[in-house]
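Here is a short report on the structure shown below. It starts with strands and then turns to a helix and the chain contacts.

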Amino acid sequence: MIDDGFRLLPEQASTHAPRVDLLYFFLLGLAVFFTVLIAALIIYFSIKYRSSNRRVDRTPGSGHALVLEIAWMVIPFLISMTIFGWGATLYFSAFRPPAGAMEVRVVAKQWMWKFQHPNGRREINTLHAPLGQPVKLTMISEDVIHSLFVPAFRVKRDVLPGSYATCWFEATRTGKFHLFCAEYCGTNHSRMTGCVVVMEPAEYEAWLGGGLANESPAVAGKRLFEELRCASCHMPEADPVRGPPLQNVYGHEVILKGGPTVTADENYLRESILRPGAKIVQGYEPIMPSFDGQVDEEQLIQLISYIKSLATP
Amino acid sequence: MPSPSTAGAVSNRTPKRDYLSAGYTVRSWLLTTDHKRIAILYLLSITLFFVIGGLAATVVRLDLMTPQADLVETETFNKLFTAHGVIMVFFFLIPSIPAVLGNFIVPLMLGARDLAFPRLNLLSWYVYVLGGLFTVYALLAGGVDTGWTFYAPYSSTYSNTYVMATAVGIFITGFSSILTGLNFIVTIHKMRAPGLTWFRLPLFIWSIYATSIIMVLGTPVLAISLFLVGMERLLGIGIFDPRLGGDPILFQHLFWFYSHPAVYIMILPSMGVVSEIIPCFCRKRPFGYSFIGFSSFAIAVFSFLVWGHHLFVSGQSIYAGMVFSILSYLVAIPSAVKVFNWTASLHKGSISFETPMLYALGFVGLFTMGGLTGLFVAALAVDVHVHDTYFIVAHFHYIMVGGAVMGYLGGIHFWWPKMTGRLYPEGWARFSAILIFVGFNLTFFPQYILGYLGMPRRYHVYPEEFQVLNVMSSAGASILGLGYFFPLTYLIWSLMYGKIASPNPWRAAGLEWQTTSPPPTDNFAETPVVVDEAYDYQHIDGVSPAGGAT
Amino acid sequence: MRIETAPRAPSPLAHHFDDIQQQHEAGELGMWLFLCTEIMFFGGLFLAYTIYRTQDEAAFAAASHELDLFWGTVNTAVLLTSSLTMALAAHAAESFQRKQLLALLAATMVLGCVFIGIKGMEYHHKYIHGLMPLMGLPFEWHGASSGHAEMFFDLYFLMTGVHALHMLIGLGVLLALLVKANRGGLQGDFAAPVRITGLYWHFVDIVWVFLFPLLYLIGAR
């Protein structure tokens with residue numbers, strides 16, 4: 001936790017953390033073993049075969065040993081492949097949030113973190129999270145590349161401008177944990193820090209309800225959708241329907257002009273709003289105007305949240 | 001293949017002058033085409049840059065003794081760590097051994113009179129200096145604060161520091177690297193002495209050759225990466241700008257495609273130096289000669305296949321991450337092969353502990369530690385945690401400083417008698433080697449712990465609980481700095497007051513020791529003809545096949 | 001046709017080489033290695049092109065349509081011809097035919113300048129029509145995907161610009177060769193520098209052979 005004082009090892013505060021630490025300790029043991037082995041051999045040989053020692057047998061061997069060479073290629077190879085497999089498996093699970101994870105939207109900019117919870121409650125630099133529930137962060141940057149890093153959770157993900165990045169965690173301890181920006185982003189990179197505050201689920205719900213009355217991103221998105229007249233092309237009541245219908249698009253396959261298909265994920269929706277000509281849906285004309293410059297990242301998140309809410313899974 | 005030597009007709013006289021006394025004017029030095037003089041020019045320049053880069057690090061480590069921003073403004077701090085990285089990587093480590101020891105020793109080791117393209121060699125030094133001047137100008141005019149990695153879009157669009165000048169400086173210096181590598185490859189192919197077959201070559205040559213391949217193939221990709229960043233700043237094109245449909249990750253791929261092999265440019269020559277020192281001070285042929293030699297090539301080839309391990313958390317696909325992780329383990333294996341072979345070389349040797357040997361053994365230990373932490377960072381899930389933290393900083397400093405710089409210093413001491421005709425003071429030198437070893441570990445070992453705890457790199461201010469380890473690291477850095485000060489002093493001292501060196505004070509194998517110390521301008525009175533295998537220490541020491549030291 | 005006799009000048013053999021053949025082989029190997037570095041340099045640009053093109057083929061094709069296919073083809077023919085004259089120049093140098101060598105070097109240079117001239121004309125045309133999205137100049141695109149079309153033109157100017165820069169350097173080297181051949185007659189080893197310069201010139205030509213279809217020929221016509 002923050003302000004715990006001097007430690008040698010970071011706290012384990014997520015489901016993922018102990019698993020990473022286990023691999024780390026294995027690697028540590030391996031490193032210590034080989035370091036000690038090499039050091040000991042060097043010291044042993046240095047003493048035994050020091051030039052002033054005339055009595056030792058220096059009858060030269062053949063000067064090479066194929067068996068030895070192959071052994072010390074194969075054994076490190078096998079060890080390496082084991083470590084690789086272990087690390088890769090953990091990595092996969094770290095990248096795949098469980099279904100039904102609570103979604104928090106994150107917008108990073110020089111030099112602050114903006115969070116928004118599903119019910120609309122916003123915060124800056126501090127992220128409140130419930131204990132024992134998976135939380136998925138969907139993140140984007142308004143300017144340069146940042147990186148969201150929570151050491152206690154062993155989780156880190158670069159936050160890019162122009163496309164969404166996701167990561168997830170499930171906290172296993174209550175308390176306050178450091179949150180850092182881990183990709184150099186300019187002058188106040190080292191001040192772009194905050195904390196994750198993990199609370200018992202009931203406390204978290206209480207906290208969520210407090211604060212200024214906020215609308216959830218989806219509700220705000222619906223309002224924006226109407227203000228920007230998206231429905232005039234994209235909803236069935238439009239006459240004529242000039243754009244692909246959006247009621248059930250999120251998460252499904254879309255067939256593009258010319259044949260290729262693409263999954264309508266958040267990046268697809270975002271791109272379609274900002275650069276509509278990039279992917280034309282089959283059967284429609286490229287007439288959608290671009291909204292680049294008219295909506296900021298937060299508004300994009302709201303529109304996308306609304307479109308997501310329309311989809312049946 | 002070189003034809004039977006007619007060169008004897010050119011220099012078939014006892015050389016009366018060595019290369020140092022063949023002209024005392026500044027002009028004779030600045031217009032020289034003698035590879036040995038060019039090596040000395042490089043030695044002076046890179047030492048200057050090492051000092052500048054070291055001063056930048058000193059201020060950084062001083063400021064990091066407290067969690068707050070106490071010493072300099074944050075903008076200055078950011079410019080200092082950027083300067084440290086840019087200078088140490090591009091103006092010290094990359095040229096160091098190839099441009100100084102390679103330039104001096106390679107023709108001598110091959111029995112040649114010079115490198116294949118002496119004028120190109122001089123040009124490469126001038127290009128290096130020109131690039132250096134651009135970068136120094138950028139520093140003095142106000143500095144650059146992007147980090148030595150120049151990530152877009154910060155570097156291409158947002159930073160308002162001297163990115164262009166620095167990028168141009170590095171771009172120009174890259175040509176120096178390319179020309180040096182090109183020179184070495186052609187020389188090694190075309191100018192070996194009669195009888196010097198590939199498997200009689202010293203291992204230093206093998207490693208310089210492998211390094212040169214990387215220099216030639218990798219550096220141009222750095223050039224295009226910097227060029228594109230520069231064009232984006234200058235012309236406003238959107239190659240890396242998402243607002244124009246560009247992809248900032250493209251920059252990372254292009255940048256690391258060079259910069260990963262670059263780290264092997266920095267370490268392979270050191271490995272070559274160690275492969276020369278250990279056999280000499282064990283008085284026997286290195287164990288597994290061909291394995292050590294081939295491993296240099298394996299490293300060069302694999303080094304081009306692993307760049308994506310710098311992008312594990314960047315948004316690169318997880319499948320690409322897996323491929324790069326596997327390949328990163330594969331590139332570790334040839335390095336492990338070298339460490340095991342060096343250790344086995346000690347077995348049944350007759351070992352003495354002069355300064356070069358101390359540096360070589362220190363290298364083996366510290367490189368092993370740094371290399372083993374490479375296994376940590378190649379593990380995907382662990383790297384997610386330690387990426388961009390002090391763990392990475394510790395990892396690469398163990399290899400670059402504990403490895404490459406120790407190897408460089410070992411080589412400087414080993415070949416100092418040959419280069420200068422003087423012996424350095426052995427007592428001071430051993431003391432300094434040990435001081436550097438101790439100071440180094442005190443500086444960088446705490447950083448592993450800091451990194452795993454989560455302290456990110458490039459941080460000016462940090463949480464208070466990280467202070468103890470930061471203070472330890474800074475304290476170690478003061479010892480390390482002091483340690484470097486000693487060789488600077490006694491080596492200069494030795495030029496005037498050091499004992500005169502014989503042609504072969506170490507009784508080492510290798511053609512470079514078959515000529516005077518320092519060598520004449522044309523290196524050899526007559527082109528040597530090689531009939532022995534490499535590292536024929538038994539022959540040199542007059543040891544009978546039944547064993548036993550004389 | 002006057003054939004120059006064998007060299008009377010001091011030996012062109014450099015002091016560090018054992019014989020002239022070693023010197024030649026070293027020079028050629030050096031140039032081949034340098035060309036490898038050039039492949040890697042251009043490779044980065046081709047990579048960027050490939051990535052952005054796969055993202056929006058239609059936009060790239062539409063943008064390519066705006067390039068002048070006629071002049072691009074003329075330039076291709078000009079450059080290929082210049083490679084021919086360059087190869088013939090190397091041959092003339094080897095057989096000590098000074099007048100032929102001078103003429104062919106000059107012809108290569110002229111063709112190179114024609115190429116640059118046509119390129120300049122094309123650039124000017126793009127500038128006038130608002131298709132030069134550099135340094136804040138307006139980019140006038142009236143179709144879909146203006147972002148990707150702009151990217152195409154960014155790459156067009158970058159790739160042809162870097163190529164043109166290499167050509168200018170080549171022209172400089174050719175001028176130096178021309179002056180030296182004109183002034184000093186042929187020294188014994190003149191063929192080697194001409195041959196090595198030829199290697200560089202042919203490489204620059206080959207880069208154009210790749211650039212031309214990728215930039216000019218992908219538009220639907």
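## Strand pairing in chain A

Val107(A) has Lys114(A) as its bridge partner in E2(A). Strands here are DSSP runs (E, at least two residues) and helices are DSSP runs too (H or I, at least four), numbered from the N terminus. Two strands pair if DSSP finds at least two bridges between them. E1(A) and strand E2 (residues 112-116) of chain A are antiparallel and share 5 bridges. The two form a hairpin, with 2 residues between E1(A) and E2(A).

Strand E1 (residues 102-109) of chain A also pairs with strand E5 (residues 134-141) of chain A. These two strands run parallel, joined by 7 bridges. Within E5(A), Leu137(A) is the bridge partner of Val104(A).

## About the model

This is a predicted model: local features need pLDDT of at least 70, side-chain atom pairs count only at pLDDT 80 or more, and totals for chains, interfaces and linings use all residues. Residues are numbered from 1 along each chain as its sequence is written, while chains are lettered from A and ligands numbered from 1 in the order in which they are written.

## Helix H7 of chain A

Helix H7 (residues 297-310) of chain A has 14 residues. The expected span is 1.5 Å times one less than the number of residues. For H7(A) that gives 20 Å, and the end C-alpha atoms are 20 Å apart, so the two agree.

Which residues of H7(A) are buried? Among them are Glu297(A), Leu300(A), Ile304(A) and Tyr306(A). Buried means that 20 or more other C-beta atoms, placed from the backbone, lie within 10 Å of the residue's own. The cover over the buried residues of H7(A) includes E1, E5, helix H4 (217-227) and helix H6 (266-274) of chain A.

## Chain A against chain B

Residues are in contact if their C-beta atoms, placed from the backbone, lie within 7 Å. Chain A puts 75 residues into this contact and chain B puts in 73 residues. On the side of chain A that touches chain B, H2(A) gives the largest share, 16 residues. By class, that side holds 43 nonpolar, 18 polar and 14 charged residues. Ala, Val, Leu, Ile, Met, Phe, Trp, Tyr, Cys and Pro count as nonpolar; Asp, Glu, Lys and Arg count as charged; the others, Gly among them, are polar.

## Chain B against chain C

Here chain B contributes 36 residues and chain C contributes 28 residues. On the side of chain B that touches chain C, H8(B) supplies the largest share, 9 residues. That side of chain B has 24 nonpolar, 9 polar and 3 charged residues.

Definitions and conventions:
Contact = placed C-beta atoms within 7 Å. Buried ≥ 20, exposed ≤ 12 C-beta atoms within 10 Å, placed from the backbone.
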